[in-house]
Amino acid sequence: MIEWEEKYRIGISIIDEEHKELIRIMNAAIVAKQHNSNIEDISKLLKELTVYALNHFSTEESYMVEFNYPEFQYHKEEHHDFSSKTITYCSRVIEGDYHIASEILEYLKQWLVNHIQITDKKYVECFKKNGLK
């Protein structure tokens, strides 16, 4: 489980709220896996997480373009890599590779925490300078 902590807060309310929702969905998937829920429930949560992440990435990227964020391309590539990997993982679960669910959840947890704490924090100054709070 991932508990929301101050270290994940980047100080831009819309982004922090979206990060909290990503963590909420991920925790629901972790709980479902821990309680041996059926694979359809886990798959549904993984799909929900993937769709939500794509929408969140779109939000971040639109601000990056609007504010002419200098590391936009690198950040976008990181989002793309994440999206490609999670879509592939989810497809494997849907196709019956149930054993991979734990690996997926661990990957998602590590990626999200590292992405928020390192990559996302890089754009904070740019976003705040352009009026986001």
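A salt bridge is a side-chain nitrogen of Lys or Arg within 4 Å of a carboxyl oxygen of Asp or Glu. The model on view is a predicted one, and by this rule it holds 7 salt bridges.

**First stop: a pair within helix 1.** Select lysine 20 and glutamate 17. Their closest N and O atoms are 3.4 Å apart, and the two residues form a salt bridge. Both belong to helix 1, where they are separated by 3 residues, about one turn of the helix. Lysine 20 is partly exposed, at 33% relative accessibility, and glutamate 17 is also partly exposed, at 47%.

**Second stop: from helix 1 to helix 2.** Next, select arginine 24 and glutamate 48, whose side chains meet in a salt bridge with an N to O distance of 3.4 Å. Because arginine 24 is in helix 1 and glutamate 48 in helix 2, the pair ties together parts that are 24 residues apart in sequence. Arginine 24 has a relative accessibility of 41% and counts as partly exposed; glutamate 48, at 33%, is partly exposed as well.

Select glutamate 71 and lysine 122, which form a salt bridge with the closest N and O atoms 4.0 Å apart. Glutamate 71 lies in the loop between helix 2 and helix 3, and lysine 122 in the loop between helix 4 (101-119) and helix 5 (124-129), so this pair ties together parts 51 residues apart in sequence. Glutamate 71 is partly exposed at 33% relative accessibility, as is lysine 122 at 42%.

Return to helix 1 (residues 13-34) and select histidine 19. Its relative accessible area is 1%, so histidine 19 counts as buried, the cut-off being under 20%. Leaving aside residues up to four places away in sequence, histidine 19 touches Trp4, Ile10, His56, Glu60, Ile116, Asp120 and Tyr123.

**Last stop: helices 2 and 3.** Select residues 39-66 for helix 2 and 72-94 for helix 3; the two pack at an angle of about 165°, their axes 10 Å apart. They are therefore roughly antiparallel to each other, and their crossing is left-handed. Residues making the contact include Leu46, Leu54 and Phe57 of helix 2 and Phe72, Phe82 and Ile87 of helix 3. By class, this contact has 13 nonpolar, 6 polar and 4 charged residues.

Definitions and conventions: Residues numbered from 1 in each chain as written. Predicted model: local features only at pLDDT ≥ 70, side-chain atom pairs only at ≥ 80, totals over all residues. Heavy atoms only, no water. Helix = DSSP H or I, 4+ residues; strand = E, 2+ residues; numbered from the N terminus. Buried < 20%, exposed > 50% of the residue type's maximum accessible area, 1.4 Å probe, protein only. Contact = heavy atoms within 4.5 Å. Axes fitted to C-alpha atoms, helices over the stretch in contact; angles between N-to-C directions. Parallel < 35°, antiparallel > 145°, perpendicular 65-115°, else oblique. Left-handed = near helix turned anticlockwise from the far one by under 90°. Nonpolar A, V, L, I, M, F, W, Y, C, P; charged D, E, K, R; others polar.
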